[in-house]
Each structure stands twice: as structure tokens, then as C-alpha cells.
Amino acid sequence: MFRNQYDTDVTTWSPAGRLFQVEYAMEAVKQGSAAIGLRSKTHIVLGCVNKANSELSSHQKKIFKVDDHIGVAIAGLTADGRVLSRYMRNECINYGFTYESPLPVGRLVVQLADKAQVCTQRSWKRPYGVGLLVAGLDESGAHLYYNCPSGNYFEYQAFAIGSRSQAAKTYLERKFENFTDASRDDLVKDALMAIRETLQGETLKSSVCTIAVVGVGEPFHILDQGTVQQMIDAFEIVGEQEGPDAAAGQEASAEPEQGAGAGAGEGVAPMDI
Amino acid sequence: MTKQQANWSPYDNNGGSCVAIAGADYCVIAADTRMSTGYNILTREYSKICKLADKCVMASSGFQADVKALQKQLAARHLIYQHQHNKQMSCPAMAQLLSNTLYYKRFFPYYSFNVLGGLDNEGKGCVFTYDAVGSYEKVGYSSQGSGSTLITPFLDNQLKSPSPLLLPAQDAVTPLGEAEAIDLIKTVFASASERDIYTGDKIEIVVVNADGIRREYMELRKD
């Protein structure tokens with residue numbers, strides 16, 4: 001109702017105590033093509049759907065290596081994502097130069113979040129229109145974080161962002177309890193399954209998705225198309241036997257998932273969760 | 001009124017010698033492992049050799065604190081290059097980067113005398129030799145450091161092409177095999193450590209070829 005009066009710039013509060021420009025930025029994330037992440041005790045897998053503008057063009061890069069132990073998958077304004085990846089890479093390089101040790105992921109996501117917050121409190125700036133799934137390994141284990149345009153960040157066992165991510169989240173909610181002790185290959189298979197959910201019937205091929213892995217003894221790298229296709233072929237058969245699982249039984253998730261649903265006017269402001 | 005003299009110097013010379021020889025499909029880079037200051041030995045087991053990229057290795061003698069800082073700078077720049085280009089830096093590219101990095105500190109130089117060795121994009125061995133402020137040249141072989149005055153004339157004798165003006169005409173130098181080059185390095189260091197007090201203890205020999213990078217050591221005089 002009153003949205004249009006208070007949404008002109010990011011430094012204007014609405015009477016309900018919301019910053020609409022920031023919420024609009026989160027909307028941009030939902031419009032981007034899907035990106036998912038899941039982790040076990042020792043590995044994290046990132047995956048994304050490759051959406052090209054047209055048949056003639058190539059798809060945009062959505063997964064970036066930040067350092068040997070950190071990688072990021074983005075959804076939303078990929079240009080903003082690229083710029084933030086460059087910032088993250090610089091931070092890792094500078095930290096490594098000074099301390100001769102890898103930048104702990106927890107530190108990096110806080111710096112990223114603070115950088116995003118600045119854009120929510122300057123009249124001459126706009127919020128970053130990109131959500132980042134940051135996957136990283138440090139002394140305290142494997143971590144998966146989600147960084148919002150609002151400047152909030154959350155840690156997850158598994159998460160999905162972007163368009164049709166709810167389908168992937170439903171799948172992940174069903175399976176997440178097994179992730180902690182899952183093997184690396186099972187984790188990749190689950191990632192592919194989750195991506196398949198977002199494709200809504202479209203065939204899952206290695207040309208349609210990108211998968212990246214980071215884990216103990218395994219520096220961050222993007223899997224090559226051949227390997228991904230092999231894994232798809234391996235479980236596609238199993239998938240047929242299992243049959244499409246009943247969509248019923250969407251249990252309320254115990255994991256700290258964001259109630260991303262109501263981004264629009266009414267309901268709880270997403271960034272307050 | 002005499003000119004004011006500095007009461008301390010930011011530099012120190014930790015001594016040591018470096019050599020590199022380029023072959024048709026390999027490159028050998030070697031340095032001794034002695035680190036000294038004045039007439040004292042700080043350690044007998046310090047590596048002056050640093051791998052900068054997949055096919056690019058640098059050996060540096062001089063002030064090792066500056067050498068370490070230089071190596072870290074180049075490593076960080078190489079990371080950035082890899083992020084931007086999705087590949088490793090080639091040896092000639094690294095050679096230019098090293099030159100630029102050195103000249104950047106033209107008015108407070110890195111006290112570092114470098115030899116860069118590796119394979120170029122075609123897989124041929126290449127050696128680049130530098131002064132402290134970045135002047136560099138691609139050569140077939142080079143030596144830097146405290147023993148260079150003893151080593152270079154010997155390498156010239158063995159490796160330099162004879163002048164075309166000589167009479168009677170002499171054959172051009174035959175290409176050196178990898179094993180012969182390593183042997184020459186060992187001979188050259190053994191000789192240098194006889195008369196140069198700053199060279200000795202051990203040689204670290206790094207060989208870069210199509211199969212990758214491998215490392216060898218040889219004992220030298222400890223005195």
C-alpha cells in the first residue's frame with residue numbers, strides 16, 4: 001500500500017520500519033538463476049544453473065574461486081557478484097601475505113556483510129543486487145554461508161537461492177540430516193539432484209549446470225563437464241528406480257533456513273529473520 | 001664541514017651464489033644454501049630458490065629479507081594473474097613482472113640479485129638475469145651473487161659461442177644435455193666454494209622440464 005511513498009531511496013524508512021530499497025535488492029537475488037550449496041563435515045559443494053540470455057550467447061559465470069579454501073556461488077546481478085568476488089580475492093591475498101595463513105571464512109563473510117551494510121546506509125549508493133553462497137574450509141571445519149544484500153549473513157547446512165530455489169530447498173530439507181557424514185561423491189550427487197529440482201522437468205545435463213567442490217585435502221575447483229556428466233549418468237538410472245518422491249511431507253525444517261517466501265509488502269521483512 | 005654519514009644501513013648482504021643454465025627443453029637453476037652476515041654464518045640450510053609459477057623458478061642472492069619480500073610480492077601478483085586469466089604465468093611474463101616490481105622501488109631498491117629460469121610457452125629453456133633495479137636480459141646462462149665473478153668466466157669458457165671472427169673458425173657450441181648441465185653446475189660451485197668464503201655448505205639444484213620440477217642437493221665444503 002504505502003510502499004511506493006517510502007521506496008525512493010535507501011535512506012528512507014517506511015512507517016513499518018522497513019527499508020524497501022534493500023528488500024527490492026533481495027528481490028533481484030530471487031530473479032537470478034538458481035545457485036545451491038551443501039556441506040558435510042569435510043566438504044562443501046556449490047552448484048548453479050547455467051542460464052544463457054539466448055541460444056546464441058554463452059552463460060554467465062556464477063561460481064568463482066576466491067582462494068584455495070574458499071569459493072562462492074552467486075545469484076542476482078552477476079556484475080555485482082563479480083565485483084564482490086574480486087574484493088574477496090583481494091582480501092584473501094592480502095591476509096595470506098601478512099599472516100602466511102589462509103583467511104578464516106568466518107572473517108571473510110563478516111567483512112563482506114559489513115561492505116554490504118555500507119550500501120544500505122548511504123544516500124549516494126545502492127545495495128548490491130546479489131546473494132552469495134560462500135563455501136569455505138578453515139581450522140574449525142567446513143562452512144557454508146549465505147550473504148544477503150541487506151548485510152545479514154547466515155550459516156547453513158544446505159541452502160538454495162535464485163529462481164525456483166524453493167524446489168531445491170524442499171529437496172534439501174528432506175535430505176539434510178544425512179549431509180554431515182555424507183561422502184564427497186554423495187554430496188555432489190545430492191547437489192545435482194537439488195539442481196534437477198530447480199529445472200522443473202528440463203533434462204539435467206552437464207551443459208546446464210556447474211558444480212564446484214572444496215574440502216579437506218581438496219582445494220576449491222570447478223568440476224569439468226565430463227566428470228559432471230558421468231555423475232549425472234551414474235545416478236540418473238538410480239533416480240528412475242527411486243521414482244519422483246511424493247511432494248507431500250514438507251516438514252518444517254529444523255535448520256536455520258530463511259523464510260524467504262514473503263518478500264512483498266505484507267508479512268515479516270526478510271532481513272529481520 | 002664533512003658530509004654527514006649514515007649511522008646505520010637498511011641493507012645487509014647475506015652472501016651466496018646463484019646460477020642458471022637454459023637448455024633446449026629444460027632449465028637448471030642452482031644456488032648454494034649458506035646464509036651469512038659479515039664473517040659469520042647464520043645458517044647452512046637456507047633456500048634461495050623460489051618457485052614462482054608452474055614453469056618458472058627464481059634464485060636470488062643478496063639481502064635475504066628483501067629477497068623474501070620480493071618473492072611474496074611476486075607470489076601475490078601471480079595469484080591475481082591466475083584469478084584474472086585462468087592460467088599460470090609464463091616465464092617471459094614473470095620476467096617482465098619481476099623487472100617492473102624491481103624498478104618500482106628504484107629509489108629504495110630491493111637488494112636482490114636475481115636469476116629467473118624456466119620454460120617459455122614453447123617449452124624451450126630460458127634464463128633471465130637482473131640487476132637490483134630491474135634491468136634484465138634473456139640469456140642462455142647466468143650467475144649472480146658473491147661467487148659470480150669466479151663462476152661467470154668458467155661458464156663463458158664452456159657455454160659461450162665462439163666469436164665468428166676467430167681464425168681458424170671454431171664450431172658453434174653443441175647444445176648441452178640436462179645431465180651435462182647439472183654436472184657443470186656442480187663443478188662450478190665446487191670451484192667457487194674453494195675461493196669464495198660466502199659460498200659453500202650445500203647446493204640446491206632445481207631442474208624444470210616438460211615432466212615438471214625436481215630438486216637435487218649436493219654437499220659442498222663447510223669452511
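Accessible areas here come from the Shrake-Rupley method with a 1.4 Å probe, and for residues only the protein chains shown count as cover. On that basis, the accessible surface of chain A comes to about 13,000 Å², with 51% of it belonging to carbon and sulfur atoms. The model is predicted, so local features need pLDDT of at least 70 and side-chain atom pairs count only at pLDDT 80 or more, while totals for chains, interfaces and linings use all residues. Residues are numbered from 1 along each chain as its sequence is written, chains are lettered from A in the order in which they are written, and side-chain values use heavy atoms, with hydrogens and water left out.

**Chain A as a whole**

- Chain A has 6 helices and 10 strands, where helices (H or I, at least four residues) and strands (E, at least two) are DSSP runs numbered from the N terminus.
- Of the 273 residues in chain A, 49% are buried, a term that means under 20% relative accessible area, as against exposed at over 50% and partly exposed in between (1.4 Å probe, protein chains only).
- Among contacts (heavy atoms within 4.5 Å) in chain A between residues at least 6 apart in sequence, 65% join residues at least 24 apart.

**The interface of chain A and chain B**

- Chain A contributes 7 residues to the contact and chain B contributes 6 residues.
- About 700 Å² is buried between the two chains, 64% of it from carbon and sulfur atoms; this buried area is the accessible area (1.4 Å probe) that two parts lose on being put together, summed over both.
- On the side of chain A, Arg89(A), Ile93(A) and Phe97(A) lose the most area to chain B, together accounting for 67% of what that side buries.
- The rule finds 1 salt bridge across this interface, defined by a side-chain nitrogen of Lys or Arg within 4 Å of a carboxyl oxygen of Asp or Glu, and the side chains of Glu100(A) and Lys72(B) meet in a salt bridge at 2.9 Å, N to O.
- β3 (63–67) and α2 (78–99) of chain A each supply at least two residues of the side that touches chain B, and α2(A) gives the most, with 4 residues.

**Thr33(B)**

- Thr33(B) lies in the loop between β2 (26–32) and β3 (35–37) of chain B, and this residue is buried, with a relative accessible area of 3%.
- Apart from neighbours within four places in sequence, the residues in contact with Thr33(B) include Thr43(B), Arg44(B), Tyr46(B), Gly200(B), Asp201(B) and Glu204(B).
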